[in-house]
Amino acid sequence: MIEDITVRLSALLLAALAMSPTPAATQDYPTRPVRVIATSSAGGTSDIFMRALADELHKSLGQPFIVENRPGGAFNIGARACAEAAPDGYTLCIIPGEPLVFNQFLFKSLGFDPENGFEPVTQLFFITQALVVSAALDVKTLPELIALSKAKPGTLSYSTAAVPLGVFIERLKNETGADLVRVPFRGGGEAVTALLNGSVPVGFYGIANMRPQLESGAIVGLLVDSDQRSPLFPGIPTLAESGQKILARSYFGLLAPAKTPKPIVARLQEAVARIAAEPGFRNRNFVERGLEPVASTPDDFARFIKADRAASEQIVKESGLQPQ
């Protein structure tokens with residue numbers, strides 16, 4: 001009887017060892033193509049960035065990194081697919097803050113665990129967002145916009161691409177008496193069109209999405225949410241310079257399913273950090289796209305996510321939004 005139990009335990013142990021990545025396997029990683037799930041549609045900011053990064057990772061690590069788009073569901077569809085994948089280093093995902101920290105307070109059910117379902121690899125970048133207006137409004141500063149909204153109550157509408165930006169404007173309204181009407185955000189292309197035709201003349205969006213219109217003067221930038229002025233538009237002041245502050249910023253990170261081996265996570269982060277530091281890549285894929293590089297360590301990214309989750313809970317409470 002004891003011999004049977006010993007044989008069974010030995011078999012189970014051998015099976016477990018066979019299923020677990022060995023030190024040699026992690027050292028040689030990757031030995032086959034790696035899938036990277038993108039939570040946005042093809043052509044979006046994170047998709048374009050990830051494809052550029054994937055090309056460089058292929059050169060650096062010797063295997064293709066294949067981007068697979070899983071958009072929809074407030075980014076939850078792609079996040080769930082990532083969390084449910086095998087933790088072997090051959091499925092990664094590029095995810096924004098929403099499914100990591102916000103959506104658990106906005107949805108009754110996500111289908112995945114945002115706190116324990118992922119292994120942070122690195123925070124890739126912040127997105128520089130700009131508060132902008134249609135040039136037809138003939139305003140150049142935030143105080144001028146506030147004054148115009150008071151002079152024309154109920155006539156100026158605004159839209160934002162993220163919950164913290166909407167909360168910022170609602171707080172601004174409460175503090176200054178500005179009269180701005182919120183309308184739902186329907187996507188970057190539609191938002192810029194609405195700015196140009198004046199139907200929604202105020203917006204808070206990613207600066208790169210509006211670069212041609214800002215350069216032509218069709219749209220006027222009032223503020224950016226970054227700590228420093230954007231190198232793309234150094235004439236636009238920061239929130240801090242205008243005496244304002246934002247509660248949270250938009251960002252994307254590279255993650256893996258929980259329990260992905262630490263040596264694989266470290267190898268990936270080191271490769272991304274080297275690529276991000278290369279001047280040509282940095283200029284083409286960060287600066288020119290209105291992105292601020294981070295390339296943090298896994299531990300630093302994990303701490304950032306934890307702090308951002310606490311801030312996000314407070315932001316959702318302040319917004320008055322209820323879980324759907």
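Cys-82 and Cys-93 form a disulfide, with 2.2 Å between their sulfur atoms. The model is a predicted one, and a search of the whole structure finds 1 disulfide.

**Disulfide**

- The pair ties together parts that are 11 residues apart in sequence, because Cys-82 lies in helix α4 (residues 76-83) and Cys-93 in strand β3 (residues 91-96).
- The torsion about the S-S bond of Cys-82 and Cys-93 is about -65°, so the disulfide is left-handed.
- Cys-82 has a relative accessible area of 0% and is therefore buried.
- Cys-93 is likewise buried, its relative accessible area being 0%.

- Strand β6 (residues 156-160) is largely enclosed by the rest of the structure, because 5 of its 5 residues are buried.
- In a regular strand, side chains alternate between the two faces of the sheet.
- In β6, Leu-156, Tyr-158 and Thr-160 point one way, while Ser-157 and Ser-159 point the other way; all are buried.
- Strand β7 (residues 180-182) runs parallel to β6 and is joined to β6 by 3 bridges.
- Helix α7 (residues 163-176) belongs with β6 and β7 to a right-handed β-α-β unit.
- Strand β8 (residues 202-206) also pairs with β6, in the parallel sense and over 3 bridges.
- Here the bridge partner of Tyr-158 is Val-202 in β8.

**Helix α10**

- Helix α10 (residues 262-277) has 16 residues, which at 1.5 Å a residue should span 22 Å; the end C-alpha atoms are 22 Å apart, so the two values agree.
- The buried residues of α10 include Ile-264, Val-265, Leu-268, Gln-269, Ala-271, Val-272, Ile-275 and Ala-276.
- These residues cover an arc of only 165° around the axis, so they lie on the same side of α10.
- Lys-262 and Arg-274 are exposed, on the face of α10 turned away from its buried side.

**Loop residue Pro-231**

- Pro-231 is placed in the loop between β9 (219-224) and β10 (251-257).
- Its relative accessibility is 61%, so Pro-231 counts as exposed, the cut-off being over 50%.
- Pro-231 and Gly-290 are 59 residues apart in sequence, and their C-alpha atoms are 8.3 Å apart in space.

Conventions. Residues are numbered from 1 along each chain as its sequence is written. This is a predicted model: local features need pLDDT of at least 70, side-chain atom pairs count only at pLDDT 80 or more; totals for chains, interfaces and linings use all residues. Side-chain values use heavy atoms; hydrogens and water are left out. Buried means under 20% relative accessible area, exposed over 50%, partly exposed in between (1.4 Å probe, protein chains only). Helices (H or I, at least four residues) and strands (E, at least two) are DSSP runs, numbered from the N terminus. Two strands pair if DSSP finds at least two bridges between them. A crossover is right-handed if, with the strands pointing away from the viewer, the path from the first strand over the helix to the second runs clockwise. The expected span of a helix is 1.5 Å times one less than its number of residues. The arc is that of the directions from the helix axis to the C-beta atoms. A disulfide is a pair of cysteine sulfur atoms within 2.5 Å.
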